[in-house]
Amino acid sequence: MRFSQILIPTTKETPNDASLVSHIYLIRAGFIQGYSSGLYNFLPLGKIVLDKVRAVVKDELDKAGAMEVSLGFVTPSSFWKESGRIEKYGKELLRFEDRHGAEFLLSPTNEESMVNLVKGSVKSYKNLPLNLYQINLKFRDEIRPRFGLMRGREFLMKDAYSFHIDNEDMLREFNLMEDTYSRIFTRLGLDFRIVEADSGAIGGSGSKEFMILADSGEDTIKVCESCSYGANIEVETGEVCPKCNSKLNETKGIEAGHIFQLGTQYSDALDANFLDNNGKAQPFVMGTYGIGVSRLLAGIIEQNHDDKGCIWTKESTPFSVEIIISNIKKKEEVVEATKLYDELKSKGIDVLLDDRRDRFGAKIKDFELIGIPTAVVIGKKLGDKLVEIVDRRTLEKTEIELDNLLDEVLKRV
RNA sequence: CGGAGUGUAGCGCAGUCUGGUAGCGCACCUGGUUUGGGACCAGGGGGUCGAAGGUUCGAGUCCUUUCACUCCGACCA
């Protein structure tokens, strides 16, 4: 895409209400725009990144055999009365009435809705196991929204629910989801730990959290210095690893994923049964698995930034390459940049062409702020058939002969 | 919800104590000169100061009420 045609309102000023680096940079680089407490608009760049992250999540879940559905955002309160959670969730639920006085709420999570969906369509053990997920908006009327996308009131979440004939099969799926989540977080370039956790308001027996390691994290976790064991501080009170007896160190993490072994609490409460191979009614044994997709964006930036701006990882970046035309009035620069732009696009590479009338300084600053991994600068040495490639993470500049340019760029994306 | 603070142009701020009818930087528009690290010169547009009420000849400034937002704490993907 051409920079001149996208809305990317970058700014030099730090917004006064942002303190967290991810919050500051996502706003300054024109990814998001806040408009009320805990509510954000995604601008074009933000929407592209959101879609990229979402695509990785979807790809891995689909590969694991889960199926995407889409449940309504607006849920009848009766679902929540039946499960008994309407009391437990309390004021975090945003409730309202329709014109007839019927009560509804905006879903903060969808166990009830999903159980109702399955209850109405699955009657036999022959249809099990089943893992259904969706990636859509959730609303939680947080006591205190803060930190930009980290703790918004409206946020994008992937929530999956699995249904099984027994506990053993649910455990198999739980482990599969743990592996799947690990692949997702790894693909997104995140440094994370899986920790034993408390199940909180969702309920259930065993649960594990996926923690993005970051000093700004709101959770304190204990991680083993020699094996992969980790636990939330609420769960682990010891000083040594229960797995290998090594020392446990405290560190901060951002909870970006949480998987639960639910058992039958929702199927019991909502009277959701299937017929087993003896023709006998049994409650579904369930698991539930969440990923904070919009929170992941914040987490990626918390882990990948410097004092100049964002540094997107390969699978999260809005564009793989940015081409900077140093001086838009130099026709040869425009011609050469456009040629490369077309070639890369024809190879299916996401490329951003900075064709604005600004000077070089403004363009390179925006490149650093936005954080696309690689830039090609078509500039003053073009007469000598030389252009420059800039690596965003190291800020290293490499001069490249024009003839080798395409190969060199392809090597980097 | 408890504590602290802030609302003045799109953004960042000054002006409020010591009332006299709104200012700076960035951004934006026009013209010109520039073009490798957020250019320069000239000209220009935009706000009645969160809202409501009150005091006063006169309120951004004083008083009352109210709303919103932010930060710290308990809660969460």
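Modeller: In this predicted model, a residue counts as near a molecule or strand if its C-beta atom, placed from the backbone, lies within 6 Å of it.

Colleague: With that cut-off, how many residues surround RNA strand B, and which are the closest?

Modeller: RNA strand B is surrounded by 51 residues, and the closest of them are S37, G292, F360, G361 and G379. Two or more residues of this surface come from each of β8 (154-164), β13 (248-263), β16 (285-292), α8 (293-303) and α10 (360-370).

Colleague: Which element gives the most to the surface near RNA strand B?

Modeller: That element is α10, which contributes eight residues. By residue class, the surface near RNA strand B holds 20 charged, 17 polar and 14 nonpolar residues.

Colleague: What makes α1 roughly perpendicular to α8?

Modeller: Helix α1, residues 21-28, packs against α8 at an angle of about 105°, and the two axes are 8 Å apart. Angles of 65 to 115 degrees count as roughly perpendicular, and therefore α1 is called roughly perpendicular to α8.

Colleague: Which residues make the contact between α1 and α8?

Modeller: From α1 the contact takes V21, S22, Y25 and L26, while α8 supplies A298, I301 and E302. These residues of the contact of α1 with α8 divide into five nonpolar, one polar and one charged.

Colleague: Why are β4 and β5 called edge strands?

Modeller: The open sheet has three strands in the order β4-β6-β5, with antiparallel pairing. Both β4 (74-76) and β5 (94-97) pair on one side only, and these two are the edge strands. On average, and with direction ignored, neighbouring strands of this sheet are turned by 35° against each other.

Colleague: How do you know that β4 and β6 pair?

Modeller: Two strands pair if at least two bridges are found between them, and β4 has three bridges, in the antiparallel sense, with strand β6, residues 103-106. Within β6, L105 is the bridge partner of T75.

Colleague: How many bridges join β3 to β7, and do the strands run parallel or antiparallel?

Modeller: Strand β3 (residues 67-68) and strand β7 (residues 130-139) run parallel and are joined by two bridges, and the requirement for pairing is at least two. In β7, Y133 is the bridge partner of E68. Strand β7 is also joined to β8 by ten bridges, and these two strands run antiparallel; in β8, D159 stands opposite Q134.

Colleague: Into which domains is chain A divided?

Modeller: Chain A is divided into domain 1, covering 12-306, and domain 2, covering 321-412, and the C-alpha centres of domain 1 and domain 2 lie 39 Å apart.

Definitions and conventions. Residues are numbered from 1 along each chain as its sequence is written. Chains are lettered from A and ligands numbered from 1 in the order in which they are written. This is a predicted model: local features need pLDDT of at least 70, side-chain atom pairs count only at pLDDT 80 or more; totals for chains, interfaces and linings use all residues. Domain bounds come from an automatic or database domain assignment. Helices (H or I, at least four residues) and strands (E, at least two) are DSSP runs, numbered from the N terminus. Ala, Val, Leu, Ile, Met, Phe, Trp, Tyr, Cys and Pro count as nonpolar, Asp, Glu, Lys and Arg as charged, and the others, Gly among them, as polar. Axes are lines fitted to C-alpha atoms, for helices over the stretch in contact, and angles run from 0 to 180 degrees between N-to-C directions. Angles under 35 degrees count as roughly parallel, over 145 as roughly antiparallel, 65 to 115 as roughly perpendicular and the rest as oblique. Two residues are in contact if their C-beta atoms, placed from the backbone, lie within 7 Å.
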